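Please examine the backbone and the surface of the protein shown below.

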Amino acid sequence: MKKRWSSIVLGLVVSVVALALLLRRDLTGVRDELLDARYWAVLPCMALSVVGLWLRGVRWRVLLNGRLALRHSFHILNVSYFINGVLPLRVGELARAVLAARTEPPVPVLTSLSTIVVERLLDTLAVFGLIGLTLLALPVGLEIGLMGAALGVGAVVGVIVLAVFARRPAWAHRLLDGLGRVVPLLRREKVHDWLDEVLAGVVPLGSPRLALQAVGWTVAAWAMSVIAGYVMMFAIFDEPTWAASMAMIALASFAIAVPAVPGNLGPFEAAVVFGLAGAGLVESATDAPAVAFALLLHVVNLATYILMGLAGLWAENVSLGDVTRAARALGARRETPAVPEIDAPLN
């Protein structure tokens, strides 16, 4: 309990500091940008975001090898994102496992948790690929361009390595033993235990059919996120760029791992404005258009999470209180697999 409270307090501090730094300069400019925004872009952005959620629901169903009907995978996924958006400590991941175990036939809790590990690993690789494409799209020097190409190739290689290790877990342990001869820290037994957890999570990638489908749906979902972000930029900017959309989506996904209040208020905005500045759409991360856009985008994201999450609760015939209580009880009974906190920020 003490650890949870310390995490909440730390998140509150991080959020306040991030917002204070972003809003310290030109509040009047931010207000004017929001008053003059083209709000027609909100509805198509939300519609595209819902399509992206549907694609992620399809991917989860693939990783479960068809154990869930698509309507359940879609609605349960939306409920988990909704809970993660409004409650601290990533309770939504456990809620997903709880709801999947209520279906008929039920999906075992550990099976659901393992697929979540696979999703996060695939999303992490997708973000690296997105960063690589962003660097390739920007007018940067040869060295940076080559770095972007390397990240893109590395993402593809990463998926292949995970698929190989899923079929041959002993090879992964041999590789770890070899690295342990060079890095003594890797010889610890806990490192092998952590590797076992990761390998348990990537088992679905051992099937070439499932692996190809999972990768394909991952690419489609992230492409939809980039398109939705590009459309949303028309609310503030006259000439948005695909590079800016890719940069902000990638950085906002990493921001999920930063301690913050529910909804990642503060770190999300900081990630978006730095992405826009890095892509050259604005001169500075604290420019009024960048900050106004980040705030507006966050509101649209949360609205989409909440609406789709409430619809998911209704479709699954459960209440938010029942789901969160069951998820917390599950978290108290067992240790969940290590899940990298990389996720899509909806668009």
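This is a predicted model: local features need pLDDT of at least 70, side-chain atom pairs count only at pLDDT 80 or more; totals for chains, interfaces and linings use all residues.

Residues are numbered from 1 along each chain as its sequence is written, and side-chain values use heavy atoms, with hydrogens and water left out.

Most residues other than glycine have a negative phi, and most peptide bonds are trans. Asn 65, which is not a glycine, has a positive phi of about 60°. This residue lies in the loop between helix 3 (42-63) and helix 4 (70-86); helices are DSSP runs of H or I with at least four residues, numbered from the N terminus. Asn 65 counts as partly exposed because its relative accessibility is 48%, where buried means under 20% relative accessible area, exposed over 50%, and partly exposed in between (1.4 Å probe, protein chains only).

Asn 317 likewise has a positive phi, near 60°, and is placed in the loop between helix 13 (288-316) and helix 14 (320-333). With 66% relative accessibility, Asn 317 counts as exposed.

The peptide bond from Glu 104 to Pro 105 is cis, with omega near 0°. Pro 105 belongs to the loop between helix 5 (91-100) and helix 6 (109-137).

Conventions:
Helices (H or I, at least four residues) and strands (E, at least two) are DSSP runs, numbered from the N terminus.
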